[in-house]
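Subject: Structure handover

Hi,

Here is the structure I promised to pass on. My notes follow it.

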Amino acid sequence: MNSVIEDVNIRKISDSRGNPTLEVDILTTTGYGRAAAPSGASTGEREVVSFPEEGVSHVITEFGGKIISELVGLDASEGKYIDQLLKEMDGTENLSSLGGNLIVAISLAAAKAASSSYGLPLYRFLGGNMVEEIPYPLGNMINGGAHAGKNAPDIQEFLVVPVGADNITNAVFANSKVHKRIGEFIKVKDNSFTGGKGDEGGWAPNLSNYEALEIQAQACEEVGDELGFSIRPSLDLAPSGLWDREKEVYVYGREGVERDTGEQIDFVKEIIETYNMFFVEDPLHENDFAGFAELTRKVGQRCLICGDDIFVTNKDILEEGIRIGAANSIIIKPNQIGTLSDTYETVKLAKANNYVPVVSHRSGETTDETIAHLAVAFSCPLIKTGALGGERIAKLNELIRIEERMVSPSMAKLNK
């Protein structure tokens, strides 16, 4: 019974935007686990609620003592039981009573405490002895939309993935080099650029969407040639922020263009084909399952069409998408669904139906490195966690350490 919980501590900490969030410590007989919850700016309508309206301090004051008394004496390795207990204590479908961030921080801290109790790294405790692959990192290069200022591109994230890298160290530094190269190109294009960055560490320039796409593609090609392996451009359009429900069009304010659903699908397809995109996240708004399915059919296997806001790491919603072929990939964010066990169920369903799971950070992050372990444990081919900034590098450096501990590590199989 080395993993019996002896003490729990819940504290208020800051995320990368300076907003409050929660961190949880769990002490067992022979182990210890700590986890913090991030927060997103671009969030799906059907995500669980991060915090009750009263805020973080209210959660700790009002519910902290009761939660701690319920957890002490339980076995931290009984993760599914702990997750179910927390959901029952909350008593709401969207976790609006305790808040999804409190529940997910406890859920992850318990798993880390259990793994520590058994003398195992978290990825090994969750994934077993057969896990030997490291995910490729999706790095954020240029920020727009909700993550940057009004003069930045409408598209929210211009990403790259070093698909030809043979180890995580080379992959991490390839992304860093592309980021620096893009910064140099931006300065040439816009002599008023002062080096500003968005929430996730990507540059926040005064560029149009197409100018940003050209710079992204050029940097990928040049750096890839220099390093001797392929680096592919990718995107997160985050179009729910562009979607005008009343007019039923996507409004690209920076371009001064409005696109209906058919035009949006054609626009995204053109970008994929022109720039050899590897991965495109949220190409349509979060309720457009039919549009996702149409684009996926048109693109085929040329590009990963990934759903974030449309699926919100929810197994039941993913099942809706699978039935009609909406997307072929899914973003995995534990705090969207609230527990580690529910996150794992969604990953299992995705993999069983050939949807590529992509473990992801949030725009408001902490230095918690847990998602690096989850990506390895769940054998996810990709991890989306920025390219620089302490809260992003924490995950990437942890992947370097994990790879070092493996006997014969290899990069994940992307099958693309």
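A residue counts as buried when its relative accessible area is under 20%. H285 has 11% relative accessibility, so it counts as buried. Please keep in mind that this is a predicted model.

**Around H285**

H285 sits in the loop that links strand 11 (279–281) to helix 8. What does H285 contact, leaving aside its neighbours within four places in sequence? The partners are P239, S240, W243, Y250 and F292.

**Two positive phi angles**

A238 is not a glycine, yet its phi is positive, at about 45°. The residue lies in the loop between strand 7 (232–236) and strand 8 (243–244). A238 has 9% relative accessibility, so it counts as buried.

E248 is another non-glycine with a positive phi, here about 55°. Its loop runs between strand 8 and strand 9 (249–252). Is E248 buried or exposed? Exposed residues are those over 50%. E248 has 53% relative accessibility and therefore counts as exposed.

**Helix 9**

Helix 9 spans residues 315–324. Its residues I317, L318 and G321 are buried. They cover an arc of only 100° around the axis, so they lie on the same side of helix 9. The general rule is that an α-helix has 3.6 residues a turn, so residues three or four places apart point the same way.

What covers the buried residues of helix 9? The cover includes helix 8 (289–299), strand 13 (329–332) and helix 11 (340–352). On the face turned away from the buried side, D316 and R323 are exposed.

**The whole chain**

The chain has 13 helices and 16 strands. Along the principal axes, the C-alpha atoms fill a box of roughly 60 × 50 × 45 Å.

Of the 416 residues, 59% count as buried. Take the contacts between residues at least 6 apart in sequence: 71% of them join residues at least 24 apart.

The chain exposes about 15900 Å². Carbon and sulfur atoms supply 46% of that area. As for charges, there are 39 positive and 62 negative ones. Their mean positions are 3 Å apart.

Best wishes

Note on methods:
Residues numbered from 1 in each chain as written. Predicted model: local features only at pLDDT ≥ 70, side-chain atom pairs only at ≥ 80, totals over all residues. Heavy atoms only, no water. Helix = DSSP H or I, 4+ residues; strand = E, 2+ residues; numbered from the N terminus. Buried < 20%, exposed > 50% of the residue type's maximum accessible area, 1.4 Å probe, protein only. Contact = heavy atoms within 4.5 Å. Areas by Shrake-Rupley, 256 points an atom, 1.4 Å probe, with all protein chains shown as cover. Lys, Arg positive; Asp, Glu negative; His and termini not counted. Charge placed at Lys NZ, Arg CZ, Asp CG, Glu CD. Arc of directions from axis to C-beta.
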